[in-house]
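Visitor: I have a structure open and would like to go through it with someone. Can we take the overall numbers, then a few residues?

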Amino acid sequence: MQYLSTRGNAPAQTFSQILLGGLAPDGGLYLPIEYPKVSGAELDAWRKLSYADLAFELLKKFATDIPEADLKALTQKTYTADVYRNVRQGDDPSQITPLHVLEERDGTQVILQALSNGPTLAFKDMAMQLLGNLFEYALDKQHAELNIFGATSGDTGSAAEYAMRGKRGIRVFMLSPHKKMSAFQTAQMFSLQDPNIFNLAVEGVFDDCQDMVKAVSNDLEFKARQKIGTVNSINWARVVAQVVYYFRGYLSATTRNEQKVSFTVPSGNFGNICAGHIARMMGLPIDKLVVATNENDVLDEFFRTGVYRVRKSAETYHTTSPSMDISKASNFERFVYDLLGRDAERVNALFRKVETHGGFDLSGKNGSDGGEFAKVEQFGFESGRSEHADRVATIRDVHAKYGIMIDTHTADGVKVAREHLTPGVPMIVLETALPAKFNETIREALGRDAERPVGFENIEALPQRFTVMPADVQKVKAFIAEHTGL
Ligand SMILES: *Cc1c(COP(=O)(O)O)cnc(C)c1O
């Protein structure tokens, strides 16, 4: 299996060649030359597989240059009941992503798929835990090392740290805005005592952290000497790892391949739902893929109108589902590439226009950049939007009716899912975080604290290990160099 850039100006690569990288050299994103197809016989055989075995079957179609025995060992080591142990009472952790039927509406089941039982209580662990093991494996083979450098305002940074802690050949340097994350999120990251994890608390806001990451990635000499890498959501291996739970969700919710299901996905950077799109392209019987956004509705706007318009910082809102607070969706280019019939030249032109004009228009109206919006339906996409008041009402409603506490992001998903039901087609809502991470809104909705999984009761009281830094890129570079010794 070879991979091409969505912008068409980069050489074809293997899975291992793109594993440790981010963007293609031409600024595009990598996709396989064609999506592997899954047959009905395969789906039948996969119904009874464990999550780890299913992950192996899917991964081997994409990572064709890694020996199968090695892939098998990596997936077995990653998807265990011990790693994904933070399940709700009564759930079986060996299922890894258990389903909960919430309700039956108009002959349609609304089902929650739990994806947030990993070490950081958010769905990013589903892919990041595998990435940690893949990275360690690849670096071992190349006798190489890698220093992951990034910025976080919450979920991504902690998922990366918990995936990379204690891994040979890897260090993580993670910037976060000092005293701006929730006490729970801060404790999750800063309580890690592993010597290969470095938390840098920056005296500034998240944008200052991101600016420093950009400055470092533009300093090619420093980047090369310090062996700097990233683990952001455009990483192809992360997307592939996410394809697995769409298959698992479908296979668990159905008994025959003639049945279809739909998915609703709380979305920000379009990484999660992009994996759903790929599963559908591979032949998984998915009816609709519903994008749920919060007040930051760039994606909802596109899927309603065909206009993609990235937001300025002043138009990017801080909401109570903060992991969806985005101004543009970094994985969206992968879908646009397929929507345009894989015309890399046009993708290139459209995303250059994003840089120069802040967006593009595929509505087909006079003066637009094309009419492909009309084809969106063929790809199953629909969308909806949810606001703070919807979130609070949905958390309250789901708790009152079903005794299940959901987090703010998942609440956005349930709200939008209920507006997109098709009679007879089960709707699976992906649960992207556990409520313990967003206690303030749970208190607002339910007048009580969120449940905490065993072992998280007192994490705020654990000793913390972090370094406070001014928002000064020279100081950050000096810190990295001092700790890598490179
Ligand atoms: C990252 C995240 C999202 C958004 O996922 P994308 O892949 O960026 O669309 C939604 N909910 C939670 C809790 C997250 O951490």
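**Surface, fold and selected residues**

Guide: The protein exposes about 18800 Å², and carbon and sulfur atoms supply 50% of that area. Keep in mind that this is a predicted model.

Visitor: How many helices and strands does the protein have?

Guide: There are 18 helices and 15 strands. The radius of gyration is 21 Å, close to the 23 Å that the globule rule gives for 486 residues, so the protein is as compact as a globular protein of that length.

Visitor: What box do the C-alpha atoms fill?

Guide: Roughly 60 × 55 × 50 Å, taken along the principal axes.

Visitor: And what share of the residues is buried?

Guide: Buried residues are 59% of the 486. As for contacts between residues at least 6 apart in sequence, 74% of them join residues at least 24 apart.

Visitor: Charges next. How many positive and negative side chains are there, and how far apart are the centres of the two sets?

Guide: The protein carries 54 positive and 61 negative side chains, with the two centres 1 Å apart.

Visitor: Let's go to single residues. Where is arginine 88?

Guide: Arginine 88 sits in the loop between α4 (68–78) and β3 (99–105).

Visitor: Buried or exposed?

Guide: Arginine 88 has a relative accessible area of 15%. The cut-off for buried is under 20%, so arginine 88 counts as buried.

Visitor: What does the side chain of arginine 88 make a polar contact with?

Guide: The side chain of glutamate 431, at 2.8 Å. The arginine 88 side chain also reaches the backbone oxygen of methionine 405 at 2.6 Å. Leaving out residues up to four places away in sequence, arginine 88 touches His100, Leu112, Ile404, Met405, Ile406 and Glu431.

Visitor: Which loop holds isoleucine 96?

Guide: Isoleucine 96 lies in the loop between α4 and β3. Its phi is near 65°, a positive value in a residue other than glycine.

Visitor: Why point that out?

Guide: Because most residues other than glycine have a negative phi. Isoleucine 96 is also buried, at 2% relative accessible area.

Visitor: What about leucine 121, what is its phi?

Guide: Leucine 121 has a phi near 65°, which is again positive in a residue other than glycine. Leucine 121 is placed in the loop between β4 (108–114) and α5, and it counts as buried at 0% relative accessibility.

Visitor: Switching to glutamate 145. Where is that found?

Guide: In the loop between α5 (124–142) and β5 (146–151). Glutamate 145 is partly exposed, with a relative accessible area of 29%.

Visitor: Which residues is glutamate 145 in contact with, leaving aside neighbours within four places in sequence?

Guide: Leu139, Gly169, Arg171, Lys227 and Leu486. With arginine 171 there is a side chain to side chain polar contact at 3.2 Å.

Visitor: How far is glutamate 145 from glycine 169?

Guide: The two are 24 residues apart in sequence, and their C-alpha atoms are 4.4 Å apart in space.

Visitor: Last topic, α11. How many of its residues are buried?

Guide: Helix α11 (residues 271–281) has 9 buried residues out of 11, so it is mostly covered. The buried ones include Ile273, Cys274 and His277.

Conventions. Residues numbered from 1 in each chain as written. Predicted model: local features only at pLDDT ≥ 70, side-chain atom pairs only at ≥ 80, totals over all residues. Heavy atoms only, no water. Helix = DSSP H or I, 4+ residues; strand = E, 2+ residues; numbered from the N terminus. Rg over C-alpha atoms; globule rule 2.2 N^0.38 Å. Buried < 20%, exposed > 50% of the residue type's maximum accessible area, 1.4 Å probe, protein only. Contact = heavy atoms within 4.5 Å. Areas by Shrake-Rupley, 256 points an atom, 1.4 Å probe, with all protein chains shown as cover. Lys, Arg positive; Asp, Glu negative; His and termini not counted. Charge placed at Lys NZ, Arg CZ, Asp CG, Glu CD. Polar contact = N/O pair within 3.5 Å; in protein donor to acceptor, adjacent residues only side chain to side chain.
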